[in-house]
Amino acid sequence: MNKHIVLITVLFACVSLTCAETVTRLLYFSLKHDSGSHEEKVFFEKIVILKEIPVVKGFELLKVRSGKMDYEYCLRLVFDDQAGADIYSNHPIHNQYVKDEWKPNVEKGMLVDLLEF
């Protein structure tokens, strides 16, 4: 009986470790630059560097179409778990990008983290 309890406990621990909650991060934002401008083009060329951060499992840049939103664009990032999202937030590539590109070019933004349930 004890062997079965130990086996079930070990299996539960393994499942818990492999079924971490995926984090989807949505960054809604608007640029300081006009649509179609050279500055906008350069901004979007440089944003792809964020894909190089190893914990980024999904990367998608979207144009917001809803008239009810005060933002023009959405960057969708996917991480395996909260630890991955935390690593991303503190990664040197991310920090440098925020300093050199995000802050000088983004007029306003909103970050939303989503968890599957």
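User: Which residue in β4 is the bridge partner of Val-23?

Analyst: Leu-115 is the bridge partner of Val-23 in β4. Residues are numbered from 1 along each chain as its sequence is written, and side-chain values use heavy atoms, with hydrogens and water left out.

User: What makes β1 and β4 a pair?

Analyst: Two strands pair if DSSP finds at least two bridges between them. Strand β1 (residues 23-31) is joined to β4 by 9 bridges, and the two run antiparallel. Strands here are DSSP runs of E with at least two residues, helices are runs of H or I with at least four, and both are numbered from the N terminus.

User: Why are β2 and β4 called edge strands?

Analyst: The open sheet has 4 strands in the order β2-β3-β1-β4, with antiparallel pairing. Strands β2 (58-63) and β4 (106-115) each pair on one side only. The twist averages 15° from one strand to the next.

User: Which strands does helix α2 touch?

Analyst: Helix α2 (residues 38-47) packs on the sheet and touches β1, β2, β3 (73-79) and β4. Contact means heavy atoms within 4.5 Å. The direction of α2 makes about 165° with that of β1; axes are lines fitted to C-alpha atoms, for helices over the stretch in contact, and angles run from 0 to 180 degrees between N-to-C directions.

User: Why is Asn-105 called buried?

Analyst: Buried means under 20% relative accessible area, exposed means over 50%, and partly exposed is in between (1.4 Å probe, protein chains only). Asn-105 has a relative accessible area of 11%, so Asn-105 is buried. This residue lies in helix α4 and touches Leu-31, Lys-32, His-33 and Phe-43, not counting residues up to four places away in sequence.

User: How do you know that Asp-113 and Arg-25 form a salt bridge?

Analyst: A salt bridge needs a side-chain nitrogen of Lys or Arg within 4 Å of a carboxyl oxygen of Asp or Glu. The side chains of Asp-113 and Arg-25 meet at 2.7 Å, N to O, so the pair qualifies. Asp-113 lies in strand β4 and Arg-25 in strand β1, so the pair ties together parts that are 88 residues apart in sequence.

User: What about Glu-45 and Lys-41: how far apart are the closest N and O atoms?

Analyst: They are 3.9 Å apart, and Glu-45 forms a salt bridge with Lys-41. Both residues lie in helix α2, 4 residues apart, about one turn of the helix. Lys-41 counts as exposed at 53% relative accessibility, while Glu-45 counts as partly exposed at 47%.

User: Where does pLDDT stay under 50?

Analyst: Over residues 1-18, for which the model has 0 contacts beyond four places in sequence. pLDDT is the predictor's confidence in each residue, from 0 to 100. Where pLDDT is low, the predicted coordinates should not be read in detail. The protein averages a pLDDT of 87, and 84% of the residues score at least 70.

Technical notes
Predicted model: local features only at pLDDT ≥ 70, side-chain atom pairs only at ≥ 80, totals over all residues.
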